[in-house]
Every structure is written in structure tokens, then in C-alpha cells.
Amino acid sequence: MSELDKQTTGGDLNGDRFFYPEGEALRLQIDRRRRWGLIWRSLFMGALIVAMLSLTALLYNITNDVLGLTIVINKTDPERLVLGLLADEMLGASNTFGSEDDNALAEGIVNDIDGIGFFGNAYYVANRDSLRLVAIDGRVADSDDVADYPLARPLYLYSAESVLVSNQTANIFLNYLLTNVNDDIGNVGYLAADERTTLRARQNWLSANQDLGLTSGQWAVINPDGLGGRVTLSGSSTVNPLTDYMLAAFTADGFAGSYDNASVGSSAGIAAFCAGQADIAASSRPIKSGEIEACRRNGRFPLEFQIGVDTLALVVNRDNDWIADVTADELALLFSEAVTWADVNPAWPNRPIKRFIPGADSGTLDFFIESVFETRLAELPKEDLVRLLRENVTLGRGRTLERDQRFYETSLVFESPELWNEVCARPANERPSGCTGPVRDQEDVYGLVVREVIQPDVVQVYKLVDSIFKRQEIVAEAATLYPNGVLEFRSWLTTDFIRDPQSSTPEYAGVRTAILGSLWVILITILFSFPVGVSAAIYLEEYASDNWLNRTLQTNINNLAGVPSIIYGMLGLAVFVRALEMITSGAIFGLVEADTTANGRTILSAGLTLGLLILPLIIINAQEAIRAVPNSMRQASLALGATRWQTVWYHVLPSALPGILTGAILAVSRAIGETAPLVVVGASTFITFDPSGAFSKFTTLPIQIYQWTSRPQAEFRNIAAAAIVVLLTMLLTLNATAIVLRNRYTMKT
Amino acid sequence: MAAHNPVNEQMSATAVTDSLKKRPRLGESVIQGFLFFCGLLSIFTTLGIVFILFNESFAFFSRTQWETTNKPILADITPAATVIEVGTRGATLRDGDIVRLGEEVILIERVDGLLLTVERGHRSTAPQAHPANMVLQRANDIDVLDTIRSTKWIPQLGEFGLWPLLLATLMTAVIAMIVAIPLGLAAAIYLSEYASERVRGILKPVLEVLAGIPTVVFGYFALTFVTPILRSIFGMDTVEIFNTASAGIVVGILIIPLVSSMSEDALHAVPNSLREAAYAMGATKLETSLKIVVPAALSGIAAAFVIAMSRAVGETMVVAIAAGAGPKNFDLATDSLFGYVLNPFVAAETMTGHIVRISGGDLSYDSIDYNSLFAIGLALFLMTLILNMIARYFVTRYREVYE
């Protein structure tokens, strides 16, 4: 007697001790039985919950891999690439004079009525009498309100608490600078930072001097009189005149020690500071995350002090009387395509523009380009992108690309015209696709630049959940492990992923070949198994009498449904691929492609194999649908004199059709997800061209997923997950179609 | 009735009978013939499967592998010579061995020290002259018994023991059943006995969705989700990246819908009168379900289990991705039984996994690899066939009870 029995009946049925409980005992017994009922009910329910959880975990796991942060290392920095290109274009424009010496630029404009140029505001201040400022969108460089001036950039000093604590000279100099900079900065030609920014800078200084006991808003002025020691500064040449000025004033106010102020550029200055070679870094741009990390590794946590604003001055000759205010678009034109003033604005004189701009090595030029021009690589015009390709890709590679698809309708970029004409004169199947195909568009050329020039390499991938909840740690890790890397959020499932063919690099791999392969294979499968399956079902339900042959048929079909799919693969391999190779390779129809090595391993073989695989399913489903048609319908039809076939065709089939179709679609969705038989039949591991017909080599979506999953590199897991999403979407669409179809038909009949 | 003409009446009656007579309808017969042929196609499929599996397996077992004995012949021999003298080095030859010199196959009738009495031109090869110092190759036939005796599957060395593959298959299937049977059955009982129509309408589609997900996706799930979980629970050193436990658990999840839907059908078929009788006797819902309905549907439930087992044995992609990429060859004398041979955390390749891996590579026809796949396929086919037949037996029994 089981435990359950004992608990529920309260006694031994066969023994003498059997009793019917009464009163309190009965109540207790019923309670106990109810309790057990409840426990078990929850257990049963729990099983379903486990099943649901599995499904959730499966979908969660896929989503987790499809999206997530990645660290990408670019072989070439796209920003530098664009800046270099645009700087070249600016300097290469007509009547352009480039120089690193800002005084030379100023002098050029002073002497030429058609001159225009830009440089640090300090140089305008020095030549105020012979130059005239031009406003941009109504805002002038030399005004007090610089917040909206498009060409304004903040100037920074960087130090660290550890430095300020150990070097009082540096500490007191910073205090002196923060106290006086807003009063003195005008003398150098830069603009004071606004009140809030100054407050923030002072607060940062206070955070390193907490022993003073000051709260925010308060400020201590420390007198440098008699102070000794040494302070070293290093960094931006733009900031240099300002720090020089402040150091001189510091000395004048009684500082007795020594100092060093090196003008080496922002990046070099920050690097020197982080390496412990300078106490304070000067920079004309904010510090980058990689630099912060490098500093931290040396025990220096950078403190930021914004000390002022530089406004690039846009200036023209004093005698220029036509230009006072330009729009951003006009400004871009002025320094790029326009040749004469009239090109920019018809009201202006029809004389050439003389441009005086900083040279290619200048950070000022880069800043100007970034502020004025579109510098996102993806937005560059096609001509610029082609130029980037021509400058950065070998001639041989370029020729290959051009032979695949031309860049321009009328001109050639890489190929010589003679060779091109010779190649394109070959017979149709030997000449490259570029001879006849359409021209590459901007998007396509952009893709090529990314692939061939920037060459992004995903070095690390993170799961979605980690990307969201452990973002801080990932950012820190990225900065430590890959200082040059770019951390970006990436979806592996993109339109490109669906459009692109297979590739050996996961970043560029796509599933187009696989999707087309799947569709082709399924087409063959349907064409074969649907008519045959429905016919067999009709025979078994409508014609077959109950004899041994038909019983065998039925049993056999049921057994076939239980044969593992891989066995069908072996059948397909032995029969379709090998024995019927002449037919399945297309040789018998003279349709073999010249370069194919498919032999019998074609879409036709795969489709027929899957057809055999789902045949039993289609038959069994169709049989059920036909069986559900009421017999009275058949009898009515026969009674009116219809033949058997007429009865089947005009009455039985139409009313069984929704059921048949639903069953068939379910069977087909099984075929779409089927992998093992296709591997055995000989799916290709790597093809990049679209299947051209039933006699092509093939790969399908599940095959791709299998191959990518089997790769050890993490990125292949990500694209496998993306391919799974595509596959599940396909199946979902198909099943939804089945439901819609069924509903429509059911309503009609 | 002067106008009455008996002859005319006779004729018109014949005409009517004629017009009502069954006429041969060629179209109908052709259609029926075509439909019958379509039905017959399934028989051809079965025959095809059986034929190719047996045919290629036969080719596998009748294959001869030639291994060198390193034993040279001492003198030139003519096509007619029946006594051959051999050198001392190399393997020992025995009476009845079959050896090969060049293309010619020779049967050794008797060995007298270094003198061999032979029968020339064996296995329909022609006797030829052979120069001195040629080395004898000995035939090593693949024996059906060898596949059962050996515990190693190493085709390169001529070792074809089915045990490593079979054991891995059974292990994943058993783990799958341990997962699927309790969960599937409990789900079936809940859906059939407890759930209201509304709850059923929500829960059943979940199981159907689970059943509709391609197996390759489950393989991905096993490798990238279940394996890491197992490794974090039991330790990286205990659980290998590829292991049968992970594959087995996921195969189990994969067949839950199969177990539950078949079991539910069986439970559903139990007549309501049985339940009502139980309630009338004062049984609770649980007692009715577990002690009346489940036993009544037992044969159908058993059939569901057996079909699920068959499905687990034949399941391919999950094990190909997650279970391992090489047969787990073992030696009972040296390897620990539970530490290695039956350890579910060790990588092992199943029969289906092996077929997929080998055929996914560069497979040349008529090679020993190619033929061996069909031998494995035959074993797999027979296993699933037997399981399906057992299930069918259960189903017929259960139908007899209630219909």
C-alpha cells in the first residue's frame, strides 16, 4: 500500500484495522486529502511552468547574443580619415594659402581685399586695425556671449589630487590662476569661461584641498609671495600663451621658484602628465576616456579645470564691404567648392576668393572642419568615398572591386580603359559582372570604405544583459584592455545581415545565400510532397479497400513518420546524390554549370530528400482532414450520379482543404528547420553566390546556424543567434499564414 | 391497345438499361492508378531505406582492409609456384590467413616454419610473378562480432567498436527521458484533468511553439546556455565544454511537447464514466487522476514514452552541436566506469552526431568512412524501428480496451 493510499484512506483496506473515520478524524482526513491534492496540482502546474521557462530561456539566450556591446578596433580611424580628406580638399581648393604661422595668414588677408581666413582670436586682436571680423549666423567671435558661437572651443588644464597634495607650488599656482584668469584672459585674446564653469573649476580645486574646510561657493585667495619650489606644465600650443601670461604674473606677484611651460600639443601634454612628467596638462580639447584610464593606471585621477574659451576668428580684409554675416552653409561653401565670391552669393563680387587657412598639421584646421563640415563617414558624398578608396586601397584590389561593379557610369577609377575594354569584350560568361551590372551607389561605396580601409575588427563581444547592467565595468575593461578600441552597441541582426552573402569574417557575414537556398529547397519540397502526399491520402481514405496491401501501406506510412530524419539524409545521399546523379546534377538536361562542383549535391537532391521526409506527415494530416468530411456529403454526391473522382474533386477536397493546407504548412515548417538530412546530403559549407536554380549547390539557414555555432570564435555565436532570429521569424510567418488561411477557409465554407 | 408494340417496348427497355450500365471510365481508372502509385511511393521509400542501409552495411562488413605484415618473400616466385619461402622478420602467419602480393590474393593453406604452402589466385585474382623481397599484406576482415566486442571506434586503425557511439546515444536518450517523462506527464495530467478551457487555450500553444522550434536552435541553446550553467554549478574542471548531460537535458526539453501531447490524448480518451464513478465513491480529483485515469490510460502513456525514447535516440542536431566531436573510446580495464565511461559530463559522440560530423566533411564515396556511416545508420534504424513497433503494440492494446 502506497504512502498516498495510507494518507488518503486512513486505514488498511484488507486488514482488520480498517475503519471509516468519523467526526473530527473525518474532517482531518478530508483536509489532508485536499492538501495533498493541492500539492500535486501545483507540481503538475510546475511542469508546465518549467516548459514555459525553457522557452523563455531559449528566447532570452538568443536575444542576449543578438544585441550587445562590442569593442571594435579600427585599422584606420574613420575620424582621422575624414579629417585628412577634408583638410586635403580645403587646402587643395583654388587660391588657398595654408600656413602653420598664423601671423603669415593675418598678413595675407591684410594685403588682399579678396582675402578671407580664420585663426585663433588672439591673432585677430593683434591685427584688429587692419582686419574685420565676420559674424557666423549673426554671432561674432569677439563678443562676450560666446556660448552660441559655432567656432568656440573650451580650453582646459588637467591635474590630479595626488599631484596637488604633494606639490604645493603647483597647487598654489592653480589657485592663483583660477583666482585671476577671468580678469587677465582678455589680455591674451581669449574669452573668460562663464560663471558656472569657473565655479566648477574652483570646486575641483577645493576637492583636492579639503583641509581648508571651505564649502562650495567659497574661495580662498592664496598669496604666492615668497613661495618657492617648481611647477611644470605641458600641452596645447593654444593654451600656451595664456599659461605663459599667468606664470609671468605669478612671478611678478612674488613667486620665487622656477617653472617650465612646454608647448607640445594637447595629446603629448596629457600623455606627459599621465606619465608623471608634468604637474599640469594644458589641452584645447576634453580629455578622452582612454587617456583617463592611462592616467588611472599611474595613480593619477585627472581633475578638470576649464579656464577659458577660444573663439576661432573668421576675418576678412578691412576694405571688404560686401560680407558681414555668413550662414553655416555659406561658410562651408566659402572654404570648399566656391571659386568666386559670386559662387556663394550672387550679390557678392565675381572675383576669386583668396583663402588663408592654417596648415594640415594644425589642430585648428581639424576643429574648423569638425565644426563646419559634415564629418560622418557614412554621410560623405560618393565622390569623396571613392577618393578615400583610391588613396588607401592597392591597385589590384581596386581593380577587383571595379570588375565586380563599376564606380561610375562613364569613367574608371582603378582600371585602365584599354584593359577594361579588352576584359569586357570577352564572351558573356567569362567577363566580369562589372561590365554590365549597375553602378555602385553611395551606400555601397561606404560599405567598401569600411571594409577595405577602416577594417573594423570586433575584438570583444558582451551579452546584452551585461551590456545593460554592467556597463561601467565594461567601459573600464575596454579602456584597460583596448585603449584604441571603440566601444559600441551593436545589433548583429541588421538589414545588411539579411542582404549580404556568406563571408568568412563574422562582421560582414550575411544570410542572403542561406535564405535563398532555404526558399529554393522548400519550393522543390512542396512541389514534390504536396501533390504526392495529398494523392496518397485520397487513395487511402477514398479508394482503398480493407485488404492486406492497403493495411501494409497505412502501417508503413505510420512507421515512416517515426524514422529519424538523419536516415532520410542517408537515403537521399545514396539515391538522389549518387544513384540519380545524372538527373539531380542536371547533366541529363545539359544544364550543368561550367564551374560547378556540385555533382549530385544540389538543391534538387535536398528538396526531394526533405520531400520524402515530410511525405508521411502530409499524408497523415491530409488523411485526418479528409476523414473529417461527413459521409453524408459523399453519399449525396454519389446519389446524384457523380463518379467517385467527381465526388472527391468537387466535394470532399474543397471541404477538406483548410485541414490539408494547415497540415501541409506545419509539415513544411518542419522541413525548413530541418538540418541533419541536409548535412548528410551534402550542403555546401561555404558559398557566396546566390543559387541560380534547382541544380545549384546550396546552403540553408539551419545549416548556416549549425556551422556558425560550431565555430569557436565568439562573434560567430552572435551571427548564429541573428540567423536564428531570421529563421524563427520565417517559421512564425509561415505558421501565422497557416492560421489565417484556415480561418478564411473555415468562414467561407 | 392496338398501338401497343411489344417490340418497341422491348427495345426502349434495352436502351435504358444500356444507358444505365456502368461504362468503362478510362480517366477515373487512370486517376485511381495514379493515386495508388502515390501511396505506393511510401513503400518504395521504406524499401529504399532498408535496401541502401543493408546494402552499404554489407559492403562495409565484406570490406577487406589490407595491413602490412612486414614479412618479405625471399625469392622471386612464378605464377605457378605453390610453396613460398618468407623471411624471419615481420608478423607471424597462421594457417588459413589470406595475404596479398601486389594485386594477387593468396590463401595460406599451411605454414611450415618459413615455408608457406599456398593456393594461388584467390578471390578471383589472377596468379602473377612476384619479385623477391616483396612484402606480404594480410587481410583483416571487418567482422560483425568485432563491432560488438571492441570498445573503440577508430576507423583509421580499423577499429569499429559500436559501443562508444551506442553508449553516448543511450546516455543522452536516458538523460532526456529523465527530464521529459516527469515533466511531460505532469503537464499532460494538468492539461487533461485540471486546466480549464481558458487555461488550456493559453498553455497548449506554448507547448506547440516549443515543439515547432528547429532542433538546431535547441543545439545552440544547449551549447551557449545549458552548458555554461552546468559548468558554473559543477565546476569548470568537472564539466567539459561538450558533454552528454547538457545535450541530454536539452533533448529532454525538446521532447516534452511530444510526451505531453501524446499522454494527454491518452488521458483524454479515458471515458468520463470512470471519473464520475470515482467521484461518486468519494475520491478526490488527485485520487481520481492518479489512481483511476492514469492507470486506465497507461498503455497510451507507455506508447508516448517509447515514441519519445525513439525520438531522443534519433535526435541529431542537439547532440552534434553540444555532446562532443569525437567518439569516447574507452577501455574497461583501465578507465573508471563512473568517472569516465558513464560520466555524463565528459564529451562523447553519439551515433547521429558521428554521421553528421563525418558526412559534413569531405566524404569520398565507397571509402570505409562512407560505408561505416551506413552501418551506424542501420543500427540506428533498427533501434528506432523496434521502439516504434513496441509503441504500436501499446497503442493497439489501449485501443482494444476502450473502443
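I began with Phe356(A), which is buried because its relative accessible area is 10%, under the 20% cut-off. I kept in mind that this is a predicted model.

Next I looked up a tilted pair. The ring centres of Tyr176(A) and Phe250(A) are 5.1 Å apart. Their planes meet at 50 degrees, so I noted the pair as tilted. Where do Tyr176(A) and Phe250(A) lie? I found Tyr176(A) in helix H7 (residues 168-188) of chain A. Phe250(A) is in helix H9 (residues 240-252) of chain A. Buried or exposed, I asked of Tyr176(A) and Phe250(A)? Both are buried.

Then I took the count. There are 27 aromatic pairs over all chains. One of them joins Phe97(A) and Phe356(A), edge-to-face. I noted 5.6 Å from centre to centre and 65 degrees between the planes. This pair links distant parts of the chain, 259 residues apart. Phe97(A) is in strand S2 (residues 96-99) of chain A, and Phe356(A) is in strand S12 (residues 354-358) of chain A. Phe97(A) counts as partly exposed, because its relative accessibility is 38%.

I also looked for a cluster. Trp40(A), Phe44(A), Tyr190(B) and Tyr194(B) form one aromatic cluster.

Last, I checked charges over rings. Arg711(A) has its charged end over the ring of Phe716(A), 4.3 Å from the centre.

How values were computed
Residues are numbered from 1 along each chain as its sequence is written. Chains are lettered from A and ligands numbered from 1 in the order in which they are written. This is a predicted model: local features need pLDDT of at least 70, side-chain atom pairs count only at pLDDT 80 or more; totals for chains, interfaces and linings use all residues. Side-chain values use heavy atoms; hydrogens and water are left out. Rings of Phe, Tyr and Trp (its six-membered ring) pair if their centres lie within 6.5 Å; planes under 30 degrees apart count as stacked, over 60 as edge-to-face and the rest as tilted. Helices (H or I, at least four residues) and strands (E, at least two) are DSSP runs, numbered from the N terminus. Buried means under 20% relative accessible area, exposed over 50%, partly exposed in between (1.4 Å probe, protein chains only). A charge sits over a ring if NZ of Lys or CZ of Arg is within 6 Å of the ring centre and within 35 degrees of the ring normal.
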